[in-house]
Amino acid sequence: MRGSFLSVFLVVMLACSGAAFWGAYGYFKGGELQQAGARLSLYRSTVDAELERFSHLPFVLARDTFVIETATGGDPRRLNARLATFAERAGIDAIYLMDEQGITRSASNAGRPDSFVGQDYSFRPYFQAAIKGQQGQFYGVGVTTGVPGYFFANAVRDDTGAIRGVIAIKIDLSDLQRSWQEAGERVLLANADGVVLLASVQDWRYRSLSDLTVAQLSRIAEARQFGTQAITPLDWQPESADTATIDGQTLLHLQTRDLPNQWSLHYFASDAQAITRAWLVTGVVLFIAGTILISVQFQRARRIGAALRRSEREEAELRAANERLAVEIEERRSAERRLQRTQDELERAGRLAVLGQLAASVTHELGQPIAAMRNHLAAAELQGQGGTMLPRLQGLVDRMEGITRQLKFFARKGKQEFEQVDLRDAIHAVLELMRPSVDTQEVTLDITLPDHPVMLHSNRLRIEQVMTNLMRNAVDAMVDCDPRVLSVALGQDNDAVWFTVGDTGHGLGDRDLRELAEPFVTTRESGQGMGLGLAISSAIVDDHGGRISAQNRDSGGAIFRVTFPKQEHA
């Protein structure tokens, strides 16, 4: 009877364990897929923005008077120098002008061993599309240089509207691949034929996701798209809608085809963390089931002992069993608390994943307008227009691009460029940016800066982001107060550099800085802020080895102090 009971109980425990594991695995796997989807969306926006960044440039160059003059028979030497200067400033691999037969007449690399001048590119698809009046776009390995890149091309027309040549640019996409590798991601970008163009794993590059037809191979060979590289199938196989096996390893797999040229972006992620958490939940279930078994067995033993003997020995054994049960119950409660912490961490990760998607969306929406602004500024510079406003507008566009770069890498820490920064210049730049808000709300400025430079080895854009967050919070805190005075001071001691931002608002109230710096905590009304300003600022200050403090002022309002250790740099 007892053996039968134990057998049934073990079978039930085994079934419950299996159900608990797969149920928990499905739940945690969903969280991993949500984060993977956010990363895929971010990388898709990055690829899309990189392609859109220079897409308008050939259109602008095709209308340049120097380009038209050379295409209609003018001396190419002046255009060679002009294209070289423009390519260097714009960060483009090459710019070159071809005649109607595809022969290069002028190029930014003219006079170099790898010069395009005199080369025939009529076989390239981008030339064939542009000579017909369309914009040509093409990814391939350079015939002359052997270096892969992405090509844009537009037709050059004379005063009568007749096509007299094709202007083309070549851009390098290797920075995208390098960023994937540095982040430790597994990502690949494939073209419409299923050939991998870029990949975080070098061995995946120029491999096909499926067998290519004879027609596809022939078209690739005619365009010399991949030079002499043999296209072999990649060792991968989709297993389900969200998993795939690649190089013998089964991983989570998500893909998107929402890219130009019918390209597809594939993202692979490990499910090891989901499996670990599922085993943890299964262990908790087994622990609870074991506790129930012990409790049942104990109750049976007590009833049998009460019926057979009422001895002191049984009472002592019963007390010992109670003590063991109390210890096991405490261990169960501890396991439940660990499970609750795991669930809280998953919820926070989900909220940050949604924030990553928002950052990707904002980056994508801002990418095309910024690229268009830069192209118009480039056109104005080529045509000698803009006057003294041009450098100032160029600076604003650079700053907007810097902000979008911060959004692109929101989900990970990328490399930061540190330099010696005079904090006085940073404060002046932030005050200039805050000028509209200060004037609109009639805020009085109280600025105290030393006469000598206050240098800090730092990332200027991120330090300005901290200053902007603190000053904007100070201005917002004084909306319904009078007087409204924004106080900013800067200084340095023997071993530290510091600046303060104070206001005459309502102060910090009952909250301290640690609570206000938590993500998604805000004192503003609903819809007026996300509660991330102080959290981001605290993270930036920590990255620079500094600290931030805050306190209420005796005269009303609050004051924030940011201190950095002084460092010596060559």
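Select N261 and look at the loop between β12 (249-256) and β13 (264-269), where this residue is found. Strands here are DSSP runs of E with at least two residues, and helices are runs of H or I with at least four residues, both numbered from the N terminus. N261 has a positive phi of about 60° although it is not a glycine. Its relative accessible area is 33%, so N261 counts as partly exposed; buried means under 20%, exposed means over 50%, and partly exposed lies in between, with a 1.4 Å probe and protein chains only.

The model is predicted: local features need pLDDT of at least 70, side-chain atom pairs count only at pLDDT 80 or more, and totals for chains, interfaces and linings use all residues. Residues are numbered from 1 along each chain as its sequence is written, and side-chain values use heavy atoms, with hydrogens and water left out.

Y206 is not a glycine, yet it has a positive phi of about 60°. Is Y206 buried or exposed? Y206 is buried, with a relative accessible area of 11%.

Now select P483, in the loop between α12 (460-477) and β17 (485-492). The peptide bond that joins D482 and P483 is cis, with omega at about 5°.

Move to the sheet that contains β1. It is an open sheet of five strands in the order β2-β1-β5-β4-β3, with antiparallel pairing; two strands pair if DSSP finds at least two bridges between them. From one strand to the next, the twist averages 25°.

Helix α4 (residues 76-90) packs on this sheet and touches β1 and β2, a contact being heavy atoms within 4.5 Å. The direction of α4 makes about 50° with that of β2. For such angles, axes are lines fitted to C-alpha atoms, for helices over the stretch in contact, and the angles run from 0 to 180 degrees between N-to-C directions.

Select β1 (residues 94-98), which runs antiparallel to β2 and is joined to it by three bridges. Within β2, L97 has S106 as its bridge partner, and Y96 has A107. The two strands form a hairpin with five residues between them, and G102 in the turn has a positive phi of about 90°.

On the β5 side (residues 163-171), β1 pairs in the antiparallel sense over five bridges. Here the bridge partner of L97 is I167.

Show the side chains of β1. Which residues of β1 lie on each face? A94, Y96 and M98 are on one side, I95 and L97 are on the other, and all are buried, so that both faces are covered. Because five of the five residues of β1 are buried, the strand is largely enclosed by the rest of the structure.

Finally, zoom out to the whole protein. The secondary structure comes to 14 helices and 20 strands. Of the 570 residues, 44% are buried. Among contacts with a separation of 6 or more, 63% are between residues 24 or more positions apart. The accessible surface is about 30,200 Å², and carbon and sulfur atoms account for 52% of it; areas come from the Shrake-Rupley method with a 1.4 Å probe, and for residues only the protein chains shown count as cover.
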